[in-house]
Amino acid sequence: MADDALSLAGIDAFYGDSHVLQGVSLSLAEGHVLGLLGRNGAGKTTCMNVAVGLLPPRAGRVSLFGEKVSGRPPEAIAMRGLALVPQGRRIFRSLSVRENLTVAARKPVAGARHPWTLDAVFAAFPRLAERQRQTAGYLSGGEQQMLAIGRALMSNPRVLLMDEPSEGLAPQIVAEVMSTIRRLKEQGLSILLVEQNVKLVFDLADDIVILNSGRVVVSNTAGELRAGRIDLHQHLGVF
Amino acid sequence: MSQWLLLGVNSVSLGGLLFLLSAGFSLIFGLMRIPNLTHGSFFMLGAYFGVTLLQLGWNFWLAALVAAVGIAAVGGVIERLLLRRLAGQELAQVLVTLGLSFMIADLCLMVWGGDPIPFDAPPGLRGALPIASIVFPTYRLVVVVIAVVIAAALWLLLERTRLGAMIRAGVDDEAMARVTGIRVSRIFTIVFCLGAAVAGFAGVIGGPILSVYPGLDGDMLPLALIVVILGGTGSLLGALLGSLIIGFLYNYGQVLFPELAYIILFLPMLLILLFRPQGLFGRHVP
């Protein structure tokens with residue numbers, strides 16, 4: 001069996017004394033979209049922080065295409081082909097749109113199928129091209145989200161993590177973001193998608209993992225879950 | 001009349017020298033949040049390195065460049081071995097850099113002795129330049145040109161290069177910059193070395209005007225602090241304007257109110273701290 005694009009195995013993670021991830025295991029198959037669901041505080045963003053190396057796990061192992069990356073610093077993990085579109089977008093506000101993209105540019109890692117360049121990102125998001133000289137902090141929320149996605153793509157990642165990309169956006173912008181994700185998936189990118197919006201996740205994901213209080217409570221294909229054999233309400237609360 | 005004009009030229013040239021001194025201090029404090037109290041020592045050590053090379057018969061400009069590289073190396077060692085371990089602990093950084101400045105002062109006293117060592121401007125720049133009916137000291141005009149060139153070069157580096165954008169990205173959001181693959185730690189070391197190098201270079205450039213003597217570090221550090229508080233940290237424009245303001249206050253203050261020289265220097269600092277703590281052009285609001 002080929003190695004998974006990204007796998008977390010038996011992850012224990014703490015913020016101070018608070019045990020926020022308890023033996024979390026999940027794996028993202030190459031070319032798939034894995035939806036990660038859970039209530040607020042269930043540990044979704046913590047999983048992202050562990051994967052990118054911002055929060056070193058106390059136990060367990062993070063692997064990228066079979067290679068252990070946990071314990072390495074974030075910049076080294078980024079070099080191995082992992083990119084993050086973080087919650088709240090976190091673009092570099094004082095840099096221009098163009099600079100936000102160029103500081104993230106990396107040569108494609110061997111095996112990347114679709115090399116991303118400044119021109120390719122501008123072609124995918126024409127609005128960024130129009131505003132390339134603007135200071136990024138003045139962009140609208142939707143434009144900032146496009147920029148955060150473009151910045152992640154500029155590193156030519158093999159695995160893309162997206163943390164709540166629809167948060168706080170108008171419906172037509174959400175639709176745009178979703179069609180972007182679909183396009184990236186068609187290009188063969190492996191994507192881990194964290195979302196509050198369950199319908200979006202079910203539209204896009206091949207596999208679903210649900211976290212509750214720092215533990216994996218459901219891990220299955222989206223198809224199985226859609227068939228309704230598991231009571232989602234029990235794990236996700238009111239929606 | 002011509003005396004006042006000459007005082008103006010001296011003010012601008014002192015301003016240029018102060019800019020070279022404080023630009024690095026401002027960048028290191030504004031970008032990395034390190035209050036580096038060894039900055040005056042970098043200036044003095046640069047001057048001592050420079051004068052030693054001059055005594056060996058080196059060319060003035062080459063001596064200044066090599067002294068700058070030497071101070072960059074000293075700065076790099078201090079940043080990597082000491083300050084890196086104290087990241088985010090400003091009080092510890094203040095105490096460590098202050099202690100280091102005393103140690104460097106002691107070492108300099110041991111190596112170069114207690115007497116001031118005067119040194120000359122490069123040949124050809126020692127005289128005076130008659131412009132209209134006034135005679136200007138040539139070297140002071142050259143200092144102004146050097147300060148402008150370095151200011152422009154630093155601005156281009158920060159605002160117009162990819163390295164500059166990476167530095168600013170690291171300041172905006174260090175964690176996100178690292179996740180984006182930017183080696184923030186290495187880039188901050190580069191900033192620290194660069195700031196130290198410019199201070200060491202300034203020590204040599206200032207030598208023909210100030211000479212070099214034990215206590216030069218303690219004379220220069222407060223001036224750098226005032227400049228940066230006036231202009232605001234992390235802003236090259238702020239450091240430039242702050243330096244010019246202090247250059248003028250220093251020169252005219254000493255002539256007009258010689259007994260109040262320090263009050264004239266430090267009063268604007270107090271007012272800025274009270275009423276505009278981010279400085280005139282500050283990048284960060286503390």
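Patches are made of residues with over 30% relative accessible area and no salt bridge, with nonpolar side chains (Val, Leu, Ile, Met, Phe, Trp, Tyr) joined within 5 Å. Accessible areas follow Shrake-Rupley with a 1.4 Å probe, and for residues only the protein chains shown count as cover. A salt bridge puts a side-chain nitrogen of Lys or Arg within 4 Å of a carboxyl oxygen of Asp or Glu.

This is a predicted model: local features need pLDDT of at least 70, side-chain atom pairs need 80 or more, and totals for chains, interfaces and linings use all residues. Residues are numbered from 1 along each chain as its sequence is written, chains are lettered from A in the order written, and side-chain values use heavy atoms, without hydrogens and water.

**Exercise 1.** Describe the nonpolar surface patch on chain B.

*Solution.*
- Step 1: The patch is about 1,100 Å², and its members include Trp4(B), Phe257(B) and Leu260(B).
- Step 2: α10 (236-256) and α11 (261-275) of chain B each give two or more residues. Helices are DSSP runs (H or I, at least four residues), numbered from the N terminus.
- Step 3: α11(B) gives the largest share, six residues.
- Step 4: Trp4(B) lies in helix α1 (residues 2-32) of chain B.

**Exercise 2.** Size up the contact between chain B and chain A.

*Solution.*
- Step 1: With contact meaning heavy atoms within 4.5 Å, chain B gives 17 residues and chain A gives 21.
- Step 2: The chains bury about 1,800 Å², 58% of it on carbon and sulfur atoms. Buried area is the accessible area (1.4 Å probe) lost on being put together, summed over both parts.
- Step 3: Met176(B), Arg178(B) and Val179(B) supply 32% of the area chain B buries against chain A.
- Step 4: Three salt bridges link the chains. Asp173(B) pairs with Arg90(A) in a salt bridge at 2.8 Å, N to O.

Notes:
Buried area = accessible area lost by both parts, 1.4 Å probe. Patch = residues over 30% accessible without salt bridge, like charges linked within 9 Å, V, L, I, M, F, W, Y side chains within 5 Å.
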